[in-house]
Protein chains: 2
Amino acid sequence: MTARADMARVQEDLRRRGYRMTPQRETILQVFQDLPDGTHLSAEELHERLKTSDGGISLATTYRTLKLLASIGLLRELDFAEGHKHYELAAEQAAPHHHLICVACSQAIEFEQDSLHQLGLDVAGAYGFRLVDIQYKLYGLCPRCQEQGGRK
Amino acid sequence: MTARADMARVQEDLRRRGYRMTPQRETILQVFQDLPDGTHLSAEELHERLKTSDGGISLATTYRTLKLLASIGLLRELDFAEGHKHYELAAEQAAPHHHLICVACSQAIEFEQDSLHQLGLDVAGAYGFRLVDIQYKLYGLCPRCQEQGGRK
DNA sequence: CCGCTATTGACAATCATTCTCAACAGGGAG
DNA sequence: CTCCCTGTTGAGAATGATTGTCAATAGCGG
């Protein structure tokens, strides 16, 4: 496993910015690393998973940690317009992926599309922006929700 | 102007779904039609504009109307991950546009990119989804916020 | 003009997220 | 190895956006 090495690197990232490594931060990062590829969690879902073992990690810390890890680039913040954010491991080396979201049942399917990355760099560059993240989101009705009629 | 004709068409759209045309709905739609091209408003901003004249329109109705108009396709709901939604006229015939958002000051620049539309149709089709909206968002730091340093 | 039903306004309620603050704990200095 | 400074945590209050509740009001088809 690269788990140990990763944590050491994270600790270094944190220290450099004046932050500290804590068991809570390590636990949360570990949860994301153990997640099946491409899974993303909301703060509430993460908090729920953390509760299982012992006392768990407080909701406030869960939120704080997610924001912190996202701010240093370890997590990616996703907003599916559902009213709450989701987070996933940033995994810089992996191909960035995008989402197809059902507006009825909120299931999200992810897909890759390399061309979107270059396009993003081009557009951001044209306006003098330093690009931080690209999110291409397709909203629609999944096959199942189409069947179940357009009722609301 | 096509204002009158548009309202009649809207009324028809509403009636067909069992809704009614009301002065509040007409006023709100008119505000969007009078907006400079590509401008978008949050519920709070819209409510503020409506207040000026007389009593205005209640905040609850403002929210309800935005959601209603978006649900029948007259408005497009935008989520810039700032914690509140924005709305703009859907303008089906106009070229869809996308946004470049500064993560520091939240300014949004819009741009067009036709290729994104076909790509969206292709991907949605591949998964059996009926496409409703496409949102391509680039998050980054605008030139001004880059200058002001990365401090938080 | 009437009546049924959608809509509105005022405000309480909810949901996600952030803030406050006292108790606690990394981790570098000695 | 202990101490101390400062970042961090947990608990709960507070905030901000949005939605729900309900009585009063008003489209609009008849």
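**Entry 1. The strands of the shared sheet**

I began with strand β4 (residues 97–102) of chain A, which pairs with β5(A) in the antiparallel sense over 5 bridges. I took two strands as paired if DSSP finds at least two bridges between them. Helices (H or I, at least four residues) and strands (E, at least two) are DSSP runs, numbered from the N terminus. Within this pair, A:His97 has A:Glu112 of β5(A) as its bridge partner.

I note here that this is a predicted model, in which local features need pLDDT of at least 70 and side-chain atom pairs count only at pLDDT 80 or more, while totals for chains, interfaces and linings use all residues. Residues are numbered from 1 along each chain as its sequence is written, and chains are lettered from A and ligands numbered from 1 in the order in which they are written.

I then followed the whole sheet. It is open and has 6 strands in the order β5(A)-β4(A)-β6(A)-β6(B)-β4(B)-β5(B), with mixed pairing. Its edge strands are β5 (108–112) of chain A and β5 of chain B, each pairing on one side only. On average, neighbouring strands are turned by 25° against each other, direction ignored. Axes here are lines fitted to C-alpha atoms, for helices over the stretch in contact, and angles run from 0 to 180 degrees between N-to-C directions.

Next I looked up the helices on this sheet. Helix α5 (residues 115–126) of chain A packs on the sheet and touches β4 and β6 of chain A together with β4, β5 and β6 of chain B; its direction makes about 125° with that of β6(A). I counted two residues as in contact if their C-beta atoms, placed from the backbone, lie within 7 Å. Likewise α5(B) packs on the sheet, touching β4, β5 and β6 of chain A and β4 and β6 of chain B, and its direction makes about 125° with that of β6(B).

**Entry 2. Where the chains join**

How many bridges pair β6 of chain A with β6(B)? I found 11 bridges between strand β6 (residues 130–141) of chain A and β6(B), in the antiparallel sense. B:Asp133 of β6(B) is the bridge partner of A:Tyr139.

The contact of the chains takes 30 residues from chain B and 30 residues from chain A. On the side of chain B that touches chain A, β6(B) gives the largest share, 12 residues. That side divides into 19 nonpolar, 6 polar and 5 charged residues. For these classes, Ala, Val, Leu, Ile, Met, Phe, Trp, Tyr, Cys and Pro count as nonpolar, Asp, Glu, Lys and Arg as charged, and the others, Gly among them, as polar.

I also checked the relation of the copies. Chain B can be laid on chain A with an RMSD of 0.1 Å by a turn of 180° and a shift of 0.0 Å along the axis. That is the relation of a two-fold axis. The superposition is by least squares on the C-alpha atoms of residues with pLDDT of at least 70 in both copies. Of the residues of chain B, B:Tyr136 comes closest to the rotation axis, at 2.1 Å (C-alpha). Because 100% of the interface residues of chain B are also interface residues in chain A, the copies meet through the same surface.

**Entry 3. Pairings within chain B**

I returned to B:His99, which stands opposite B:Glu110 in β5(B) and opposite B:Lys137 in β6(B). Strand β4 (residues 97–102) of chain B pairs with β5(B) in the antiparallel sense over 5 bridges, whereas β4(B) and β6(B) pair in the parallel sense over 4 bridges. The hairpin of β4(B) and β5(B) has 5 residues between the strands, and there B:Ser106 takes a positive phi near 65°.

I then examined β2(B) and β3(B), which pair in the antiparallel sense over 5 bridges. B:Leu75 stands opposite B:Leu89 in β3(B). In their hairpin, with 5 residues between the strands, B:Ala81 takes a positive phi near 60°.

Which residues are closest to DNA strand C? Of the 28 residues that surround it, the closest are A:His84, B:Tyr19, B:Gln24, B:Ser58 and B:Thr61. I took a residue as near a molecule or strand if its C-beta atom, placed from the backbone, lies within 6 Å of it. The residues of this surface divide into 9 nonpolar, 11 polar and 8 charged.

Finally, I looked up α2(B) and α4(B), which pack at an angle of about 70° with their axes 10 Å apart. The contact is made by B:Gln24, B:Arg25, B:Ile28 and B:Leu29 of α2(B) and by B:Thr61, B:Thr65 and B:Leu69 of α4(B).
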